[in-house]
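The exercises below are meant to be worked with the sequence and the coordinates open side by side. Each task is followed by a solution that goes step by step.

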Amino acid sequence: MSAAPHPAAPPRPPAGDAQPAQAARLEAALGDPADPANPHGQLALLRADDARAVPEATEALLRRAGLHAEFVPAPLGGCLSDLERLARVLRPVFRRDLALGYGFGITSLFAASSVWTAGDSAQQHTLARVLLEGGRVAIVHRQVAHANAILRNELTATPTGQGGFVVNGRKDAVINADRTEVFVAYCRTAEKDGPDSHSVLLLGPRPPATGRVRRTGRVATPGMRSARFHGLELSDVTVPDSAVVGAVGDGVPLALRSFQISHCLVPATVLAGVDSVLRQAVRAATEHRTDTQPARRWHKTLAGVFADLLACDAMAVTGLRALSLAPQDAYLPAAAVKYAMPDMLREDLEELAAVLGARGYDRGPVYGGFQKLARDLPVAGLGHSGTAVCQAVLVPQLPRLARTTWFTAPEPPARLYRPGTPLPAFDHRALAHFGGGDLLSATLVAAAERLTTRPHDGPVPSALARLAHSFVTELKTLQKRCAALPGATAAAFDPLACVLADRYALILAAAACLGVWEQADHGGFLADPAWAVVALTRLGRRLGLQVPDLPAPAQAAVLAEVLQRCRDKRSLDLYATPLAG
């Protein structure tokens, strides 16, 4: 059965990709990252990383710029109203240093998100006051399978019998544990595992009435070395019933709801770091060449990685916009973003390493960021443990989607795929953690249908139509295989289901590319099918699909765009915003 007809789109608004004012101010204030005299440049940040020291001068700049207010919802006195805007505000920071972005405050948002989602008024105002005054909030995760140091071990909260809880336990690594007295802790409150095994407790800012909170030694992480991770031990710490966020036993559902924010926001910001490495690779490939063109052997890599960044951004931004436009259906795309993007970005770094050659080992202000980013990515939540968490979200839903949703769901609103256009205010409380539809697969099916009826003027549009059809065929195959899986609980332990989740996430990435391409303003680069053809070709090859040969004009157009943006100092994402250097 074909998808429902494409919903009537409202009149297209003016291009909405003007850079948010706060993002522009931060980019200008942080300055040219390649300037060795810049106190906030690459060289200064590399020295801080080598010394495992916080870049104090740059953190002070971010504090003066009011970045901490970006993590507080507008109704509570902050600036947070939509997550796409927040990602754009944070990109100038993450473009230079992932550890700086994490250490200064994005982890405070992740900690506070459960309170913004389910906390009472007193809890929300307490956290808002802490953050607006320039403080931090640390998150204490529960233990999960495949745990790294950040997720290993956990706290337990035992009812006192007279109201309140006694909290005990330790965590091996908590970012900013030594820089705050406020913790949002996912504590075990039931002996057996299950959906009600954990609760969320807000600890601080006042010292506990009894017991001890102790920071153990600093943890020397292999990446994000300037960020401060410490062990944390709680011994017989008493907290009142009013410390519970939501209800007792809400910890796992609340994590599934609030973590959708980090699932989209982490990839959407980390992408800016890979943007910087691609820019370095373009420089390396064109240096000392009189025609300013890279050698032919690098054309495929540079165009391909740029197309990957656009595909990743299409997926991440679509996920962020879904959190405002369709929060009841954002659960699956948010997990798919975090699931698909890490492998793509790691593969891109490997390709760019070949272009950089010996420059990849440089420690100077121009090329010095490559090795640092390669170390930082796994620690920044893009390692195996983060992938496993998202896999656990996606896999149980596959049988239901195959039997009830794919090829029958209506298309989402067209504005889901219009980056930079206005969004309704984001409401944390509207986030759901189960059920919901599949926004992106409906777009894939309908876009492929429209491409079959559209006249194809040249090899590039024709290739896009064939590629879209290949992904629809793959979705049909996936539907048959997922419909044959056991129920949700059994599927979670089925190795085949994990493989199918891999394929599903890449199909959604292709759908996001088609959605953004269809909705792009005519005359702009995103309206050119060339980038979508290169992106879908690379996604199809990752899936092992029989994809058509990449038309030479498509690769040439994408290569020309990435070279021009680097000359013009514009970002290598969906927005092409001006950069300081």
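**Exercise 1. Aromatic pairs**

Task: State how many aromatic pairs a search of the whole structure finds, and then classify the pair formed by the rings of Phe306 and Phe525.

Solution. The model is a predicted one, and a search across the whole of it finds four aromatic pairs. For Phe306 and Phe525, the ring centres are 6.1 Å apart and the planes meet at 15°; because planes under 30 degrees apart count as stacked, this pair is stacked. Phe306 and Phe525 are both buried.

**Exercise 2. The nonpolar core**

Task: Determine which residues touch the most other members of the largest nonpolar core, and list what Trp116 touches beyond four places in sequence.

Solution. The largest nonpolar core has 179 residues, and those that touch the most other members are Trp116, Leu265, Leu278, Trp406 and Trp531. Once residues up to four places away in sequence are set aside, Trp116 touches Phe71, Val72, Pro73, Leu76, Leu109, Gln124, Leu127, Ala128, Leu131, His428 and Arg429. There is also a second, separate core of 19 residues, which includes Phe165, Val167, Ala177 and Leu203.

**Exercise 3. Strand pairing around β3**

Task: Identify the strands to which β3 is joined by bridges, giving the direction in each case.

Solution. Begin with strand β2 (residues 155-159), which runs antiparallel to β3 (residues 165-175) and is joined to it by five bridges; within this pairing, Pro159 has Phe165 as its bridge partner. The two strands form a hairpin with five residues between them, and Gly161 in the turn has a positive phi of about 90°. Then turn to strand β7 (residues 229-239), where eight bridges join β3 and β7 in an antiparallel arrangement, and where Leu232 is the bridge partner of Lys171.

**Exercise 4. Two histidines**

Task: Decide whether His40 is buried or exposed, and describe its surroundings.

Solution. His40 is placed in the loop between α1 (21-30) and α2 (42-50). Its relative accessible area is 9%, and because buried means under 20%, His40 is buried. The side chains of His40 and Thr58 are joined by a polar contact of 2.9 Å. Apart from residues up to four places away in sequence, His40 touches Ala29, Leu30, Leu45, Ala57, Thr58, Leu61 and Arg96.

Task: Decide whether His198 is buried or exposed, and find the side chain with which it makes a polar contact.

Solution. His198 lies in strand β5 (residues 198-203) and, with a relative accessible area of 1%, is buried. Its side chain makes a polar contact of 2.7 Å with the side chain of Ser197. Beyond four places in sequence, the contacts of His198 include Arg142, Glu154, Tyr186, Asp250 and Val252.

**Exercise 5. Backbone geometry**

Task: Locate the cis peptide bond that involves Pro205, and examine the phi values of Thr292 and Lys569.

Solution. The cis peptide bond joins Gly204 and Pro205, with omega of about 5°, and Pro205 is part of the loop between β5 and β6 (212-218). Thr292, although not a glycine, has a positive phi of about 60°; it lies in the loop between α7 (251-286) and α8 and, at 42% relative accessibility, counts as partly exposed. Lys569 is likewise not a glycine and has a positive phi of about 60°; Lys569 is found in the segment after α18 (552-568) and counts as partly exposed at 40% relative accessibility.

Methods: Residues numbered from 1 in each chain as written. Predicted model: local features only at pLDDT ≥ 70, side-chain atom pairs only at ≥ 80, totals over all residues. Heavy atoms only, no water. Core = buried A, V, L, I, M, F, W, Y, C linked by side-chain atoms within 4.5 Å. Buried < 20%, exposed > 50% of the residue type's maximum accessible area, 1.4 Å probe, protein only. Contact = heavy atoms within 4.5 Å. Pairing = 2+ DSSP bridges. Helix = DSSP H or I, 4+ residues; strand = E, 2+ residues; numbered from the N terminus. Polar contact = N/O pair within 3.5 Å; in protein donor to acceptor, adjacent residues only side chain to side chain. Phe/Tyr/Trp six-rings, centres within 6.5 Å; stacked < 30°, edge-to-face > 60°.
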